[in-house]
Amino acid sequence: MDTLNALANGFSIALTFQNLGLALIGCFLGTIIGALPGLGPSNGVAILIPLAFSLGLDATPALILLTSVYYGAMYGGRISSILLNIPGDEPALMTTLDGYPMAKKGMAGEALALSGIASFVGAFFATWGLVFLAPQLVKVALLFGPAEYFALFALAFATLGGIASKNQAKAALAAGLGLGIAMIGVDGQTGVPRFSFGEVHLYDGIDFLVAIVGLFALSEVFIFLEHRGTPKATGDASAVKLGRLTPPLSMLKQTAPTMARSTVLGFIAGVLPGAGASLGSFIAYSVEKRLVDKDKTFGTGDPRGVAAPEAGNNAAAGGALVPMLALGVPGSGTTAVLLAMLLALNITPGPLLFTNNPDVVWGLIAALFIGNLMLLVMNIPMVSLFVRVLLVPPRYLMPAVAMISFVGIYGISGSTFDLMVMVFFGVLGWLLRKLEVPLVPVILGILLGNQMEANLRRAMTISDGDWSALLASPLSIGLWLFAFFGFIMPIVAGRFFRSKLPRTDSEADPD
Amino acid sequence: MSDRIMGGLGLLLALFFIWQATLIKESFISDPVGPKVFPIIIGILVGVSSLAIFFKPDEEPEWPEFSRLFEVGMTVAVMIAYAYALPLAGFVVSTAFAAAFLSWRLGTPPVKAVIAGVTIAVGIYVVFHLILGLSLARGPWGF
């Protein structure tokens with residue numbers, strides 16, 4: 001009952017005029033960002049964080065804005081999948097398999113409406129899952145000491161790198177790069193400068209917002225520049241006829257069990273650290289295909305093949321917030337970016353968040369419910385509006401994205417040096433994406449590096465320098481084992497999974 | 001080949017990082033681990049993974065032809081120039097130039113690119129400065 005009271009309190013926060021307005025703007029922007037090919041939820045949130053920050057929003061409103069963008073982008077990704085056969089982001093990839101064939105059959109409107117409803121079902125029930133599961137996880141997290149946290153961070157790196165990447169060595173390199181960047185600046189424990197080479201600007205370390213915007217948003221601009229003139233990432237939505245925008249009742253009845261199963265699977269995939277929404281939609285689609293595809297209609301425009309991945313990826317988006325809020329360990333690329341937001345607002349996610357800042361947590365969760373309703377309304381009757389946005393060519397859009405990235409970072413610090421660091425990270429991100437080095441472990445390293453080190457040193461101080469203390473409790477042994485297998489298993493199983501996934505152009509999009 | 005180069009550079013970076021870590025000054029306040037150990041662990045991680053990439057490279061990625069690489073380089077130069085120009089020429093003028101350049105390089109014909117650049121700069125100025133009150137760089141003309 002405590003949980004429900006807290007949630008009710010959250011609604012009283014989320015239902016203020018300002019917060020409702022921000023949720024509405026966030027949902028709208030998010031849907032557009034998700035719908036545009038190439039700009040996924042992580043890019044979208046990355047561009048908007050510095051903006052929300054420099055506009056001086058309080059913690060709760062800022063979070064509401066950004067999580068609305070996050071949920072909105074998860075909804076929007078399906079629009080270009082269905083209409084153009086180009087996934088707006090990686091989780092929407094599976095939606096192309098049946099969504100585009102449906103559109104070609106002249107059922108684009110129905111496919112969009114059905115996928116909108118499936119997205120709603122997935123996200124709505126996953127948010128309930130978050131309400132009940134996160135406080136339970138918090139109770140477990142309260143048993144964690146520094147040694148366990150250190151192991152937990154290692155687990156996050158192992159699974160995020162392990163599952164999301166094709167090449168374990170590259171994931172490890174990415175994590176190392178991020179952690180190394182986090183070491184720049186004055187050491188928190190002893191106050192000595194490290195890796196700053198006497199450069200005053202580096203004493204404060206590299207601002208992770210600068211790094212994130214560079215790695216995600218600017219590198220995207222370079223990718224577009226490189227592929228200019230090729231049909232990659234552009235399409236023609238004007239040719240598609242929408243048709244009716246309401247799915248027939250029989251279609252809803254047919255897909256209801258699919259949505260239910262996919263929601264559960266997606267949520268579980270989201271909660272597991274590192275798996276994220278791509279795995280959620282992939283598993284939902286594969287299981288559904290195995291269970292119900294008796295007439296081999298999947299892949300030819302079966303409505304169940306549209307409902308499954310959409311319910312799955314939106315449920316995963318909700319699930320990924322569970323470890324992010326309760327443990328401070330993100331479950332996906334986008335939640336890693338959201339974690340950056342929390343840290344920028346001086347809020348440390350983790351078990352204490354629920355006791356120290358209940359307003360933030362529950363206001364946010366209530367806003368997710370409200371945002372979902374808004375998204376459902378936006379995505380059924382208003383979908384033709386978003387379809388029109390797809391007609392804006394990238395040659396006008398990407399310069400605006402780049403300039404807004406600069407505005408956001410300049411707004412925070414007013415420092416030319418930071419802008420140059422951002423350009424440096426943009427180039428680095430572009431190179432890493434070309435070389436298929438995943439970006440999420442880099443971000444995670446920059447975000448968690450200092451905390452990881454602090455926990456290691458705290459654990460060592462408690463044990464007086466005895467390294468075996470890292471493996472002293474069953475909990476930490478369990479976490480290390482999970483981390484080990486999380487890193488090793490994908491080398492074996494990942495090949496198998498990846499070989500079954502269709503090829504994608506957005507291979508470097510981390511969520 | 002690209003992966004081998006990356007592996008080699010990664011290894012050099014790791015060695016440099018570890019060497020720099022050993023030079024970190026210890027402070028009089030200290031703990032059993034100190035400020036050097038964790039960076040050294042990271043250096044080893046980077047070194048080992050770079051070796052693995054060096055010896056087991058992936059397929060060669062598709063690099064763009066030289067003219068495109070040159071354009072990416074030019075764009076980086078324009079972005080750096082933009083960062084320098086912001087406090088000197090102000091937000092609207094610098095942004096109009098940078099956005100027009102980007103739009104042009106992304107395939108817009110020159111005249112339209114200039115219009116796009118000016119529109120983007122003024123649009124951002126109106127939305128973020130006039131409506132939302134964000135302070136942007138001021139040039140000699142105040143905008």
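**Entry 1: a salt bridge in chain A**

I began with R194(A) and D187(A), whose side chains meet in a salt bridge at 3.6 Å, N to O. I used this rule: a salt bridge is a side-chain nitrogen of Lys or Arg within 4 Å of a carboxyl oxygen of Asp or Glu. The model is predicted, so I noted the limits: local features need pLDDT of at least 70, side-chain atom pairs count only at pLDDT 80 or more, and totals for chains, interfaces and linings use all residues. I also noted that residues are numbered from 1 along each chain as its sequence is written, that chains are lettered from A and ligands numbered from 1 in the order in which they are written, and that side-chain values use heavy atoms, with hydrogens and water left out.

Are R194(A) and D187(A) buried or exposed? I found R194(A) buried, and D187(A) as well. For this I took buried as under 20% relative accessible area, exposed as over 50% and partly exposed as in between, with a 1.4 Å probe and protein chains only.

**Entry 2: two more pairs**

Next I looked up R433(A) and E220(A). Their side chains form a salt bridge at 3.0 Å, N to O. The pair links distant parts of the chain. R433(A) is in helix α18 (residues 416-434) of chain A, E220(A) is in helix α8 (residues 208-226), and 213 residues separate them. Helices here are DSSP runs of H or I with at least four residues, numbered from the N terminus. R433(A) has a relative accessible area of 10%, so it is buried. E220(A) is buried too, at 5%.

In chain B I found E71(B) and R105(B) joined by a salt bridge at 2.8 Å, N to O. This pair also links distant parts of its chain: E71(B) is in helix α3, R105(B) is in helix α4, and they are 34 residues apart. Both E71(B) and R105(B) are buried.

Then I returned to chain A. Salt bridges that share partners join D187(A), R194(A), E453(A) and R457(A) into one network. Over all chains the rule counts eleven salt bridges.

**Entry 3: N43(A), beside E220(A)**

What does the side chain of N43(A) contact? I found a polar contact with the side chain of E220(A), at 3.3 Å. A polar contact is a pair of N or O atoms within 3.5 Å; within protein, one must be able to donate a hydrogen and the other to accept it, and residues adjacent in sequence count only if both atoms are side-chain atoms. A polar atom of the N43(A) side chain also lies 3.2 Å from the backbone oxygen of F216(A). N43(A) is in helix α3 (residues 41-54) of chain A. Its relative accessible area is 1%, so N43(A) is buried.

**Entry 4: T31(A)**

I placed T31(A) in helix α2 (residues 17-35) of chain A. At 0% relative accessibility, T31(A) counts as buried. Its side chain reaches the backbone oxygen of C27(A) at 2.7 Å. Leaving out residues up to four places away in sequence, T31(A) touches several residues, among them G72(A), G76(A), L375(A) and F386(A). Contact means heavy atoms within 4.5 Å.

**Entry 5: helix α7 of chain A**

I checked the length of α7 (residues 168-182). At 1.5 Å a residue, its 15 residues should span 21 Å, and its end C-alpha atoms are 21 Å apart, which agrees. The expected span is 1.5 Å times one less than the number of residues. Of the 15 residues of α7(A), 15 are buried, so the helix is largely enclosed by the rest of the structure. N167(A) caps the N-terminal end: a side-chain oxygen lies 3.0 Å from the backbone nitrogen of A169(A).

**Entry 6: where the chains meet**

How many residues does each chain bring to the contact? Chain B gives 69 residues and chain A gives 65. The area buried between them is about 5600 Å², with 79% from carbon and sulfur atoms. Buried area is the accessible area (1.4 Å probe) that two parts lose on being put together, summed over both.

Across this interface the rule finds two salt bridges. D58(B) and K170(A) meet in a salt bridge at 2.8 Å, N to O.

**Entry 7: two loop residues**

Last, I looked up two positive phi angles. N346(A) has a phi of about 60° although it is not a glycine. N346(A) sits in the loop between α13 (333-344) and α14 (351-356) of chain A, and counts as exposed at 72% relative accessibility. D464(A), also not a glycine, has a positive phi of about 60°. Its place is the loop between α19 (440-462) and α20 (474-500) of chain A. D464(A) is exposed, at 66%.
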